[in-house]
Amino acid sequence: MPVIYEGAVQDLIDEFGELPGIGPKTAQRLAFHVLSSDSAAVERLVDALHAVKARVRFCEQCGNIAEDTLCAVCKDPRRDASVICVVEEPKDVVAIERTQEYRGLYHVLGGAIDPINGVGPDDLRVRELLTRLGSGNVVEVILATDPNVVGEATAAYLTRMLRTLEVPVSRLASGLPVGADLEYADEVTLGRAFEGRRRVE
Ligand code: ZN
């Protein structure tokens, strides 16, 4: 983006412009919103940004966003610890929780296998998944990676890896919008995909 404004305003526009989904016009609008906001509102925004970096971490068990060593799902004794749903990102956990169809635990990979962008299995929490499954208490693994090329490739890779562990593996039923992110599926569609999941092997 060309530099139009001076100093601090342009710096802020540049920072907003780095955010995902924010184009130059939106970056400019956000910067001017901050400029016209009162100091207290700006302080709250700054505090929220600091707090998210200071307080939020990743669940030691599943990799979901947490404010403690374990996330809210892993800490909940009512959850069924014998089923693990594997997803790419914490936002996928939120999407699945919204369906209210799933009572098991999660495993967040932290992305998908994407050789073109240099992401291999070692860059994801695959080893942690195998360690979890090694405990022998899991009766089903549900692969809920995104229904796009890298998501499918990741599911295929995990299916091969998990074959040796003799844990039943299932994949969400088709019907999800192909090529999209899990988070964009509506609750009903995602809920049905869970119900209609099929064993893979
Ligand atoms: Zn967790």
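The legends below describe close-up views of a predicted model.

Residues are numbered from 1 along each chain as its sequence is written, and side-chain values rest on heavy atoms, with hydrogens and water left out. Because the model is predicted, local features need pLDDT of at least 70 and side-chain atom pairs count only at pLDDT 80 or more, whereas totals for chains, interfaces and linings use all residues.

**View 1. Confidence along the protein chain.** The mean pLDDT (the predictor's confidence in each residue, from 0 to 100) of the protein chain is 90, and 95% of its residues reach 70 or more. Confidence is highest in strand β4 (residues 104-108), at 98, and lowest in helix α8 (residues 187-195), at a mean of 81. Helices (H or I, at least four residues) and strands (E, at least two) are DSSP runs, numbered from the N terminus.

View 2. The zinc ion is coordinated at 2.3 Å by the SG atoms of Cys59, Cys62, Cys71 and Cys74, where donors are N, O and S atoms within 2.8 Å of the metal (3.2 Å for Na, K and Ca), and where sites may look incomplete since water is not among the atoms. The four donor atoms subtend angles of 103 to 117 degrees around the zinc ion, which makes the arrangement tetrahedral; for four donors that term requires all angles to lie between 85 and 135 degrees. Along the chain, the donors follow the spacing C-x2-C-x8-C-x2-C. Cysteine 62 lies in the loop between β1 (57-58) and β2 (65-66), and cysteine 74 in helix α4 (residues 72-75), so the pair ties together parts that are 12 residues apart in sequence.

**View 3. Buried cysteines without disulfides.** Both cysteine 62 and cysteine 74 are buried, where buried means under 20% relative accessible area, exposed over 50%, and partly exposed in between (1.4 Å probe, protein chains only). A search of the whole structure finds zero disulfides, a disulfide being a pair of cysteine sulfur atoms within 2.5 Å. Cysteine 85 is in no disulfide, and the nearest cysteine sulfur, that of cysteine 62, is 11 Å away. Cysteine 85 counts as buried, at 0% relative accessibility, and cysteine 62 does so at 1%.

**View 4. The two sides of helix α1.** In helix α1 (residues 7-17), the buried residues are Gln10, Ile13 and Phe16. Seen down the axis of α1, these buried residues fall within an arc of 125 degrees, so they line one face of the helix; the arc is that of the directions from the helix axis to the C-beta atoms. What covers the buried residues of α1 includes α2 (24-36), while on the other side of α1, Ala8 and Glu15 are exposed.

View 5. Proline 90 is found in helix α5 (residues 90-99) and is buried, with a relative accessible area of 16%. When its neighbours within four places in sequence are left aside, proline 90 is in contact (heavy atoms within 4.5 Å) with Gly63, Asn64, Ile65 and Val108.

**View 6. Loop residues with positive phi.** Glutamine 100, in the loop between α5 and β4, has a phi near 55 degrees, a positive value in a residue other than glycine, and it is exposed, with a relative accessible area of 70%. Glutamate 166, placed in the loop between α7 (149-163) and β6 (169-171), likewise has a positive phi near 55 degrees, and at 72% relative accessibility it counts as exposed.

Technical notes
Tetrahedral: all angles 85-135°; square planar, octahedral: opposite > 155°, others 65-115°.
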